[in-house]
Amino acid sequence: MSDEMINETNDYLDHDQLLAVLKAVKSGDFSLRIPVEETSGKGREVAETLNELIDLKTRIVAGVINTTKEIGLEGKLGGQIQIDGLEGIWKNMVDCLNMATFILSAQLRNIAEVAQAVANRDMTKKVSVDAEGEMLMVKETINNMVDQLAELELAIKRLTSSINN
């Protein structure tokens, strides 16, 4: 048996299977894997690496879905995606998503504190978190509303006082 034939035997990977799995992953289907037991040599390394990548993407997607449900549907602010062993761009992506959920949660909590204070007739609290864009508009609108309610409350007190005197 020539060295070339031995190398071919030791480095087996079914290209049709590989292509099918890659196409599935490209379309967002992470259910397929390359059967590692049907590979050998470098082909086995490729299969194991691809399967590990699919497992990693599956964990990331599950983390994003769970955190989105927790925050968006269940109203639990502060949810964070927790995935061990992330590196590189995968870690950066999850860190960025976690930072976004942290900032949005802090902003919403501050708005809720102000709304609760207003409901309790305390017009001294204002939305104080840093905000940009649409969240800045919400912050300014709420703070403006609190100022107007405080002025209205003061006017009512003056009117009541003048009527009573």
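Buried, in this talk, means under 20% relative accessible area; exposed means over 50%; partly exposed is in between, with a 1.4 Å probe and protein chains only. Asparagine 51 is buried, at a relative accessible area of 9%. We will come back to that residue.

First, the ground rules. This is a predicted model: local features need pLDDT of at least 70, side-chain atom pairs count only at pLDDT 80 or more, and totals for chains, interfaces and linings use all residues. Residues are numbered from 1 along each chain as its sequence is written, and side-chain values use heavy atoms, with hydrogens and water left out.

Now the overall picture. The protein has five helices and zero strands. Helices here are DSSP runs (H or I, at least four residues), strands are E runs of at least two, and both are numbered from the N terminus. From that end, the order is α-α-α-α-α. The radius of gyration is 29 Å, well over the 15 Å that the globule rule gives for 165 residues, so the protein is more spread out than a compact globule. That radius is taken over C-alpha atoms, and the rule is 2.2 Å times the number of residues to the power 0.38. Along the principal axes, the C-alpha trace spans about 115 × 25 × 20 Å.

Of the 165 residues, 25% count as buried. The accessible surface comes to about 11,700 Å², and 57% of it belongs to carbon and sulfur atoms. Those areas come from the Shrake-Rupley method with a 1.4 Å probe; for residues, only the protein chains shown count as cover.

On to contacts, meaning heavy atoms within 4.5 Å. Take contacts between residues at least 6 apart in sequence: 48% of them join residues at least 24 apart.

Next, helix H3. H3 has 33 residues and reaches 47 Å from its first C-alpha to its last, close to the 48 Å expected at 1.5 Å a residue. The expected span is 1.5 Å times one less than the number of residues. Which helices do the buried residues of H3 pack against? They pack against helix H2 (15-26) and H4. Those buried residues include Ala47, Leu50, Ile54 and Ile60.

Back to asparagine 51, as promised. This residue is found in H3, residues 41-73. Leaving aside neighbours within four places in sequence, asparagine 51 is in contact with Arg33, Ile34 and Val36. After H3 comes glycine 75, with a positive phi near 70°.

Now the loop between H4 and H5. Two residues there deserve a look: arginine 121 and valine 127. Are they buried or exposed? Arginine 121 counts as exposed, at 61% relative accessibility. Its phi is near 65°, a positive value in a residue other than glycine. Valine 127 is buried, with a relative accessible area of 4%. Not counting residues up to four places away in sequence, valine 127 touches Asn110, Ile111, Val114, Lys139, Ile142 and Asn143. The C-alpha atoms of valine 127 and glutamate 140 are 8.0 Å apart, while the two residues are 13 apart along the chain.

Last, helix H5, residues 133-164. At 1.5 Å a residue, its 32 residues should span 46 Å; the end C-alpha atoms are 47 Å apart, which agrees. Buried in H5 are Met135, Lys139, Ile142, Asn143, Val146 and Glu153. Their cover includes helix H4 (88-119).
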